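Please have a look along with me.

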Amino acid sequence: MILGVVMDVVYQLAFLDEFHPGESAIVAVLLAFLPYALLRGPMARVAQIWMTRRRQVD
């Protein structure tokens with residue numbers, strides 16, 4: 001999250017010549033936290049299935 005905010009601040013200052021803290025927070029949440037939250041559950045299920053199959057083979 002912190003890296004996302006820092007990158008957005010640098011972008012805003014370099015290309016827009018101004019800083020909007022609310023926009024920076026929204027961008028960080030949408031680009032960093034939201035994909036993590038959406039993919040965490042499905043990836044955990046895939047890993048669990050993969051580990052279960054691997055134990056059955058060994």
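Predicted model: local features only at pLDDT ≥ 70, side-chain atom pairs only at ≥ 80, totals over all residues.

I began with glutamine 56 and found that it lies in helix H2; helices here are DSSP runs of H or I with at least four residues, strands are E runs of at least two, and both are numbered from the N terminus. Glutamine 56 counts as exposed at 63% relative accessibility (buried is under 20% relative accessible area, exposed over 50%, partly exposed in between, with a 1.4 Å probe and protein chains only). I then looked up how far glutamine 56 is from proline 21: they are 35 residues apart along the chain, and their C-alpha atoms are separated by 51 Å.

Residues are numbered from 1 along each chain as its sequence is written, and side-chain values use heavy atoms, with hydrogens and water left out.

Next, the whole chain. I counted 2 helices and 0 strands. The radius of gyration is 18 Å, well over the 10 Å that the globule rule gives for 58 residues, so the chain is more spread out than a compact globule (the radius is taken over C-alpha atoms, and the rule is 2.2 Å times the number of residues to the power 0.38). Along the principal axes, the C-alpha atoms fill a box of roughly 60 × 15 × 15 Å. I also noted that 7% of the 58 residues count as buried.

How do H1 and H2 pack, by angle and axis distance? H1 covers residues 2–16 and H2 residues 21–57; their angle is about 135 degrees and their axes are 9 Å apart. Axes are lines fitted to C-alpha atoms, for helices over the stretch in contact, and angles run from 0 to 180 degrees between N-to-C directions. H1 and H2 are therefore oblique to each other (under 35 degrees is roughly parallel, over 145 roughly antiparallel, 65 to 115 roughly perpendicular, the rest oblique).

Alanine 14 is found in helix H1 and counts as exposed at 53% relative accessibility. Its C-alpha atom is separated by 21 Å from that of valine 29, 15 residues apart along the chain.

My last stop was aspartate 17, in the loop between H1 and H2. Its phi is near 60 degrees, a positive value in a residue other than glycine. Aspartate 17 is exposed, with a relative accessible area of 65%.
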